[in-house]
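Biologist: I am new to this structure. Please show me how to read it, one feature at a time.

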Amino acid sequence: MLLLASGLTKTYRTGDELVRVLDGVDLTLKAGESLALTGESGSGKSTLLHLVAGLDSPDAGRLVVAGTDMVQATDVQRAALRRDAVGLVFQQFNLIPSLDIAANMAFQARLAGRLDLGWLEELVQALGLQGLIHRYPEQLSGGQQQRVAIGRALAGRPRLVLADEPTGNLDEATGDAVMALLLQLVAQAGAGLLMVTHSPRLAARLDRRVHLAAGRLHTVEPLA
Amino acid sequence: MRVKGWLAILATVLVCAGQEAPAQGFAGMGEAVKGFANPDPSHRFAFPADHGAHPDFRIEWWYLTATLTGPDGTDYGAQWTLFRTALRPGEGTGFASPQLWMGHAALTSAERHLFAEKLGRGGVGQAGVKVSPFAAWIDDWQMISRASPGADALSALDLNASGAGFAYRLALEAKGPIVAQGDQGYSVKSAAGQASHYYSQPFYTVTGTITLEGKDIAVTGQAWLDREWSSQPLAPDQTGWDWFSLKFDDGARLMGFRLRDGGAGYLSATWIDADGTPTPMPPGALRLTPLEETRVAGRDIPVCWRVELPQKAVDVTAAALNPQSFMDTTVPYWEGPIVFSGSHTGRGYLEMTGYE
Amino acid sequence: MRPAVGLLALLSHWRRHPFQLAMLLVGLSLATALWSGVQAINAEARASYDRAANVLGLDGLPRLTMVDGSAVPLARYGDLRRAGWPVSPVIEGPLPGSDLRLIGIDLLTLPTEARLMDPAALDLQGFVAVGGEVLVPAGAAARLRLPDQPRLRETADLPPGIALADIAQAERILAAPGLSYLLLSRDAALPADLPADLVLARPAAGEDIARLTDSFHLNLTAFGLLSFAVGLFIVYSTIGLAFEQRRGVFRTLRALGLSAAALTGLLLAELLLLSPAAGVIGVGLGYLVAAVLLPDVAATLRGLYGAEVPGTLGFRPAWWLGGLAISVAGTLMAAAQSLWRLWHLPLLATAQPRAWAHQAASGVRWQAGVGAGLLALACGLGLWGVGLWAGFGLLAALLLGAALILPLILHALTFCAGRLARGVLAQWFWADTRQQLPGLSLALMALMLALSANVGVGTMVGSFRLTFTGWLDQRLASELYVTARSAEEAAELTAWLAPRTTVILPIWSAETMIEGQPAEVYGMTDHATYRDNWPILLGAAEMWDRLAAGQAVLLNEQLYRRGGLALGDLVDLPGGALPVAGVYSDYGNPRPQVIVATDLLVARFPDIPRLRFALRVDPAQSAALAQEMRAVFDLPEAAVLDNTRVKAMSLQVFERTFAVTGALNVLTLSVAGVAIFASLMTLSGMRVVQLAPVWALGLTKGRLAALDFARTLVLAVLTLVIALPLGLVLAWALLAVVNVAAFGWRLPMAVFPADWLALAGFTLLAASLAALGPWRRLARMAPANLLRVFSHAR
């Protein structure tokens with residue numbers, strides 16, 4: 001099992017108030033499987049994604065990602081998981097502003113010590129980034145930046161790709177193109193995909209779909 | 001400004017050296033000083049010795065004023081004064097001399113009043129008075145005798161002085177005798193008996209040249225020399241004086257002064273006939289009434305007076321030739337030529353001190 | 001919308017960020033403090049010159065002396081006065097039984113420009129007369145043992161080494177045979193041609209002590225400006241941060257209908273509210289700085305120029321106003337860029353820090369161009385410049401040029417380092433460092449100025465000290481120095497000493513005019529003591545033999561340089577000119593000096609006092625002999641000196657002389673540290689955007705924070721490495737250009753690598769302290785703060 005979560009809880013303090021964002025979440029994801037995570041704004045779907053990515057730690061429950069127990073994990077272990085097993089695509093500001101596109105794409109793979117130049121070249125081609133690799137992030141459009149982010153997430157051949165509203169900042173046509181690329185390349189890499197989105201239309205393109213409401217997950221049957 | 005400060009302090013030294021008490025009266029002259037000789041009513045003048053300095057007395061002066069007329073009839077006045085003050089009685093050699101000297105010179109016309117001052121110390125030749133042959137000097141200003149042998153040393157004098165914008169060189173010839181003021185030269189200055197030794201030579205005729213702003217002018221006129229020495233001429237409550245020398249067109253002379261105090265003041269006068277016979281006037285004989293004040297150097301000073309001496313039927317109005325005849329020197333005072341008219345006409349000099 | 005409401009909205013930012021407010025006030029206060037502190041010191045010192053330079057002012061007046069150097073007879077004075085010469089007599093000589101020089105003056109004829117001291121400080125009635133008071137410098141009365149004690153009065157208005165009395169009193173005390181010289185007013189009209197037996201000496205313009213003290217004040221002012229500039233960097237950073245953080249508020253206010261002009265006006269109002277407050281604090285602090293440093297400044301002026309400044313501070317309203325004005329002006333200067341950007345802020349602009357950085361990059365190139373121009377100017381001034389102002393111009397151009405070019409150099413260095421780096425993290429480290437440069441360059445420029453000033457001044461002072469110590473050893477080769485109180489005593493002393501010493505060397509001197517300046521002529525007796533030790537800089541063949549034979553003279557370096565003389569040139573001396581055979585160093589003495597054979601001195605100046613002697617004895621016996629001599633002749637302590645004590649005293653004067661420079665160095669460096677801190681705090685807001693992706697890709701916060709910390713240290717070290725050669729050039733300029741112009745001597749330059757290590761340590765410490773706060777903040781930052789970057793528009 002690539003991802004196994006059960007009874008996961010997370011509480012945030014907002015001002016003087018404690019808000020229980022996740023309240024006993026159970027979730028599984030197998031290798032090669034894609035899962036859409038939907039929910040209202042503030043329902044905690046990003047929080048769940050961050051817990052899975054090892055960007056934040058759960059309060060209670062059980063969470064194992066690619067064989068790492070995320071509840072017990074230290075800062076260093078969580079960083080290692082992010083580096084070695086996970087590819088991340090956020091809504092925006094995915095890229096390191098001081099590095100050019102080539103360096104950004106290769107960054108995580110090199111960090112993990114798994115740089116495969118052939119695969120990287122393949123990704124550049126597939127993402128249509130030829131001719132842009134010596135530019136800097138702020139010289140690229142939003143769609144181009146998200147394509148770079150996808151390339152970087154996949155360059156190290158991670159076992160799990162996590163995407164948080166990857167097309168949320170893009171117009172519909174660009175978003176669809178980026179989404180198609182993402183799904184195609186994830187499949188090509190054989191990675192599992194967990195994607196946060198509020199769009200049922202995008203969610204429908206994934207294998208499975210779960211809905212987060214009131215801190216709990218509900219399975220949504222695919223529409224026929 | 002600092003220079004002024006210096007000189008103001010120096011003035012105090014000049015007039016009240018060796019004392020701790022703050023200055024009283026005009027320029028500190030109202031203070032008693034120990035060790036100095038006091039004027040003696042029985043003293044009779046002996047010349048030429050008394051023309052010279054009296055180092056045992058604290059202060060002394062050779063004071064000459066001249067009323068002059070230019071070729072075009074323009075009136076001028078000239079002043080030449082050498083003051084002596086002693087830090088201690090007696091004389092010493094070199095810089096050890098306790099005698100300090102101060103020279104004042106002025107040239108006055110109706111429009112201009114130019115003056116200069118010199119300071120120096122005794123014992124080193126810079127300033128002093130020599131009896132024989134008579135010479136009084138400070139730096140290059142001098143009053144020297146050119147009297148023929150046997151004649152009084154002061155009967156003929158050469159006089160010169162210069163300052164910024166002016167110079168004069170005058171030859172003086174006495175046409176009458178030396179006159180003892182007060183009681184045979186003992187001049188009382190207050191009811192308490194303060195006094196000085198005082199004589200005058202009021203009968204000089206003058207010829208010479210004055211230089212006013214680069215222009216030489218030949219002048220003629222009359223001059224009056226006062227010689228006075230004492231150790232304490234003012235009573236402590238006296239703040240200053242108004243002193244007149246009047247030269248009547250008929251040849252008579254009048255010397256009169258008022259020492260101001262809190263009350264009516266102390267007045268004294270000597271009438272001098274044209275032949276030089278002096279008549280001391282009784283107290284109360286002279287009446288001096290200021291008629292008009294002018295703002296001079298930041299003070300209100302009377303520059304027009306009524307002078308009355310009923311015994312001699314004198315009732316004149318005397319006005320300054322130049323109301324701004326102020327001597328803004330270390331010890332500041334008003335000194336300038338006057339013109340008078342009324343019962344008599346003539347010219348003279350007026351000195352006013354202690355106006356603040 | 002009412003402006004007042006807008007202002008409240010803006011000000012509420014400070015309530016939520018009290019630390020930033022504190023930083024702004026600290027930066028502004030520190031800048032103002034250093035500036036006004038230095039100004040206070042300058043103002044106080046200058047004010048006291050009016051009082052203190054007065055006796056020295058006598059040196060600034062023309063004077064008449066006898067052609068043969070003898071005393072002016074008293075009668076001559078009277079004759080000159082009667083001839084209309086406006087001269088004033090002076091009797092001058094060493095005050096017996098003391099180390100003071102007694103000047104006797106005649107207040108009645110003294111030229112008004114020679115005002116001696118504040119009249120209020122002088123009790124004239126007690127002064128003018130035989131037996132009048134002798135005024136001595138504060139603290140001097142206790143150590144005087146005068147033959148028949150005149151009335152002494154201490155006054156702070158006199159320079160050290162000078163006693164003042166009425167000429168009558170001086171004549172008696174010195175038993176003077178006549179007058180030393182006659183003073184004239186500066187522009188006195190002379191009534192006639194000068195009599196043949198008199199010489200008129202007009203002071204050379206370059207000899208004016210004011211010029212020397214001016215250069216010291218110029219130094220201080222330059223330091224003040226430097227400190228102020230460094231402080232302004234802090235202000236600039238803080239204002240930048242406050243503006244950056246309030247972009248949201250600005251946008252909201254604009255959206256609510258506040259015009260750009262009104263918003264800019266509000267922010268201007270806010271700054272005008274804050275800056276006077278900081279100004280008041282700053283001036284108060286400056287007063288403290290000045291109060292602490294002033295005693296050292298007083299010591300410096302005393303040591304360098306013999307000018308006396310009371311070690312206490314008065315209170316001058318002008319500082320307060322000046323301090324406030326400079327604080328407000330500085331704030332507006334530092335805020336100008338931020339205000340301009342605000343004025344042009346598009347209503348709905350999103351934050352684009354990287355774009356801003358790119359904009360800054362073109363500025364860097366332009367700036368570097370100006371910097372290169374200034375460096376070229378500095379080169380030109382160094383090669384062809386003449387005089388003190390060229391020297392200071394060189395320093396200014398050098399420092400400013402180097403500061404402007406620094407960002408480009410750092411840019412290039414980090415670029416190369418990134419190219420050479422192999423690891424992905426190392427490459428990112430350098431790339432990211434380069435990205436921080438625009439934001440940090442001002443602070444780094446400040447640091448570099450502080451560091452190079454430190455190296456430069458340190459090298460100069462160190463070189464000076466080394467040379468000075470060596471020179472003292474050479475100059476003070478004899479074991480004992482004794483001064484007799486009278487000629488009779490001198491005769492008895494030498495007779496008594498003859499069997500007890502190896503040799504007795506007279507140290508006699510005369511005053512005369514050389515090259516139109518008052519100068520000293522010293523006699524030297526031919527002896528191995530001098531042949532082996534005297535600090536000769538240049539010497540002709542058979543120099544010592546020709547000197548001993550009375551056929552040549554030696555010059556001090558000051559006279560040699562200022563007179564533009566060469567070996568073999570003739571120097572005019574009373575009684576005939578002699579060729580120059582050698583040049584020796586003579587540090588600490590602003591006056592020209594000539595050495596001739598003792599026999600020649602006595603022949604040319606027969607009336608000089610013959611009271612001082614150097615004694616060669618077995619060093620082990622010198623202390624005992626000194627004590628015995630004092631006891632037998634009842635000599636005062638100061639009349640017998642041993643060379644170790646003189647050296648110790650001289651070094652002590654020297655150390656205090658440069659104490660102020662040291663203190664200002666440390667202060668400036670500290671302010672540079674604060675500037676770095678403020679810049680880092682400003683940047684830390686933008687840093688989150690730059691660091692969050694790296695963190696998300698698999699680095700711990702601890703690692704990132706450590707890298708950030710290291711980055712600051714690396715930049716500080718790079719800056720130090722660049723500042724080092726700059727500092728050495730600075731030192732060279734100070735030693736070879738400014739010193740020669742200001743003092744007339746050139747010093748060999750020495751380098752002190754141990755000092756650099758200490759400086760490196762201090763720099764790392766300052767940078768570490770500055771980076772510590774941002775490091776802790778990043779290491780402890782909640783993940784939520786980092787994650788927010790990915791989901792919210794800023």
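Modeller: Start with pairing. Two strands pair if DSSP finds at least two bridges between them. Keep in mind that this is a predicted model. Now look at chain B, where a hairpin joins strand 3 to strand 4 through three residues.

Biologist: How many bridges join strand 3 of chain B to strand 4 of chain B, and which way do the strands run?

Modeller: Nine bridges join them, and the two strands run antiparallel. Strand 4 covers residues 113-121 of chain B. For a landmark, find Thr108(B), which stands opposite His113(B) in strand 4 of chain B.

Biologist: What about strand 2 of chain B and strand 3 of chain B: in which sense do they pair?

Modeller: Antiparallel, over 11 bridges. Strand 2 of chain B spans residues 75-86. Ala86(B) stands opposite Gln99(B) in strand 3 of chain B.

Biologist: Now a helix. Which residues of helix 4 of chain A are buried?

Modeller: In helix 4 of chain A, residues 117-127, they are Trp119(A), Leu120(A), Leu123(A), Val124(A) and Leu127(A). Look down the axis: these buried residues fall within an arc of 145°, so they line one face of the helix. Their cover includes helix 3 (101-112), helix 5 (142-155) and helix 6 (172-189) of chain A.

Biologist: What caps the N-terminal end of helix 4 of chain A, and what follows the helix?

Modeller: Asp116(A) is the N-terminal cap. One of its side-chain oxygens lies 3.1 Å from the backbone nitrogen of Gly118(A). After the helix comes Gly128(A), with a positive phi near 70°.

Biologist: Which residues are buried in helix 2 of chain A?

Modeller: Arg78(A), Ala79(A), Leu81(A) and Arg82(A) are, in a helix of residues 75-84. Seen down the axis, they fall within an arc of 160°, so they too line one face of their helix.

Biologist: How is a pair of packed helices described?

Modeller: By the angle between their axes and the distance between the axes. Take helix 5 and helix 6 of chain A: their axes come within 10 Å and cross at roughly 10°. Angles under 35 degrees count as roughly parallel, and these two helices are therefore roughly parallel to each other. Among the residues that meet are Ile150(A) and Leu154(A) from helix 5, with Val178(A) and Leu182(A) among those from helix 6.

Biologist: Last, single residues. Is Leu194(A) buried or exposed?

Modeller: Buried, with a relative accessible area of 0%. Leu194(A) lies in strand 8 (residues 192-196) of chain A.

Conventions: Residues numbered from 1 in each chain as written. Chains lettered and ligands numbered in written order. Predicted model: local features only at pLDDT ≥ 70, side-chain atom pairs only at ≥ 80, totals over all residues. Heavy atoms only, no water. Buried < 20%, exposed > 50% of the residue type's maximum accessible area, 1.4 Å probe, protein only. Helix = DSSP H or I, 4+ residues; strand = E, 2+ residues; numbered from the N terminus. Arc of directions from axis to C-beta. Contact = heavy atoms within 4.5 Å. Polar contact = N/O pair within 3.5 Å; in protein donor to acceptor, adjacent residues only side chain to side chain. Axes fitted to C-alpha atoms, helices over the stretch in contact; angles between N-to-C directions. Parallel < 35°, antiparallel > 145°, perpendicular 65-115°, else oblique.
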